[in-house]
Amino acid sequence: MKTRRVIGISVVVTAAVWFQVAGRFEAHRIDAQREARAPSQMRAASLRVDSDRLMEVVATLADPKFEGRAAGSPGGLAARAWLLERFKSIGLEPVSGAYVFPFTYTRMSATGRVDGSGANIVGQCLGTDTRAPVFVVSSHYDHLGVRDGVVYPGADDDASGVAVMLAIAEHCRRAPFRRTLVFAAFDAEEAGLQGAKAFLIAPPLPKERIALNVNLDMVSRNDKREIFIAGTHPWPQLKPALDEVARQAPITVLFGHDKPVAIAGGVEDWTHQSDHGPFHSAKIPFVYFGVEDHADYHKPTDTADKINRGFFVDVAETVLDAVLQLDASFAVAPPR
Ligand SMILES: [Zn+2]
């Protein structure tokens, strides 16, 4: 008995210790999960980006009521109106007296000539030095629309980029940068970068005033917590500042996807895969943030519930760091 009691007691003690350890282990696992889903209060306090707002923008734009936001469609027009209100409520100012810049385009598709229309939403946050060349921070608000009766929500592509762009705008309103930031929500990106092309054909500000394009397209989910930065190969002057950002980032920052395939060992070249392409063609430096394609890319399953909130917030913070670092490192005297 005694022995049994001793054994009993030691069993109870061991079990108690075991349960405690297991419990702590379990608690730790749950904490890690909770941290990945939503940053802890401690971490949340240090964040400059409001994660609830970030998720709200994605959930709103990916809502079926916007019918996948095809350029020029009723859903696309409704998304445009929502975004215009958000630009104004953040306090962004018009550029050359306007926020909405309509355009038309013609392109050749597999089935022949396609005529389309869209409108870019543009607003600015003035810098402390308004002589300094400006940065254009961009994303695209359109997506694939409805196909065969199925809505393509486009949560990651590119409601996530719009959300991070708006978060930078809100930060800018709170703490202006040295230079003016022009925020451009492009339309008809899915129809061949049409909004960005129209922006550079008829820019709302002199092209010579644009020192850099920071483009965001698909920035909210990657199982390995990796984000790519493209642009430092063709524009090496960007690398020192971005190396510093990568060194401090809470996620893995990879450089690449910006070399011709022939010299990149078959790695895909994203230089002309999103709205930074027309800037590059106009000889304006770019930095593009984006994740590797995932299983839901251009599928009806690209929904807001698939977004990894912790990673998404960390990307937004990293992009904010990059704009701050580049603002500090870029010359303020007009480049040309
Ligand atoms: Zn996209």
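Val 291 counts as buried because its relative accessibility is 2%. Here buried means under 20% relative accessible area, exposed means over 50%, and partly exposed lies in between, with a 1.4 Å probe and protein chains only. Val 291 sits in the loop between strand S10 (286-290) and helix H9 (309-329). Helices (H or I, at least four residues) and strands (E, at least two) are DSSP runs, numbered from the N terminus.

This is a predicted model, in which local features need pLDDT of at least 70 and side-chain atom pairs count only at pLDDT 80 or more, while totals for chains, interfaces and linings use all residues. Residues are numbered from 1 along each chain as its sequence is written, and side-chain values use heavy atoms, with hydrogens and water left out.

What does Val 291 touch, not counting residues up to four places away in sequence? The partners are Asp 156, Met 218, Val 219, Arg 221, Asn 222, Glu 226, Ile 227, Trp 270 and Phe 311. Contact means heavy atoms within 4.5 Å. Val 253 is 38 residues from Val 291 in sequence, and their C-alpha atoms are 10.0 Å apart.

Now the core. A nonpolar core is a set of buried Ala, Val, Leu, Ile, Met, Phe, Trp, Tyr and Cys residues joined through side-chain atoms within 4.5 Å. The largest one holds 72 residues, and within it Phe 183 and Phe 289 touch the most other members. Helix H5 (residues 155-174) gives the most to this core: eleven residues. A separate core has 15 residues, including Val 134, Val 136, Ala 184 and Phe 279.

Leaving aside neighbours within four places in sequence, Phe 183 is in contact with Phe 87, Leu 92, Ile 121, Val 122, Gly 123, Cys 125, Val 137, Met 165, Ile 168 and Ala 169.

Which strands pair with S3? Strand S7 (residues 210-216) runs parallel to S3, joined by five bridges. In that pairing, Ser 138 stands opposite Asn 215. Strand S6 (residues 181-186) also pairs with S3 in the parallel sense, over six bridges. There, Phe 135 faces Leu 181. Two strands pair if DSSP finds at least two bridges between them.

Next come the charges. Side chains of opposite charge can pair when their charged atoms come close. A salt bridge is a side-chain nitrogen of Lys or Arg within 4 Å of a carboxyl oxygen of Asp or Glu. How many salt bridges does the structure hold? There are 15.

Arg 48 and Asp 321 form one of them, at 3.2 Å, N to O. This pair links distant parts of the chain, 273 residues apart. Arg 48 lies in the loop between helix H2 (41-46) and helix H3 (51-61), and Asp 321 lies in helix H9. Arg 48 counts as partly exposed because its relative accessibility is 27%. Arg 48, Glu 317 and Asp 321 are linked in a network of salt bridges.

Glu 170 and Arg 53 make another salt bridge, at 2.4 Å, N to O. Glu 170 is buried at 16% relative accessibility, whereas Arg 53 is partly exposed at 31%.

Arg 131 and Asp 129 meet at 3.1 Å, N to O, in a salt bridge. Arg 131 is exposed at 59% relative accessibility. Asp 129 is buried at 16%.

Finally, the backbone. A cis peptide bond joins Asp 157 and Asp 158, with omega about 0°. Asp 158 belongs to helix H5. Glu 67 is not a glycine, yet has a positive phi of about 50°. Glu 67 lies in the loop between H3 and helix H4 (74-90), and is partly exposed at 33% relative accessibility.

Asp 148 also has a positive phi, near 50°, in a residue other than glycine. Where is Asp 148 found? Asp 148 is in the loop between strand S4 (145-147) and strand S5 (150-152). With a relative accessible area of 83%, Asp 148 is exposed.
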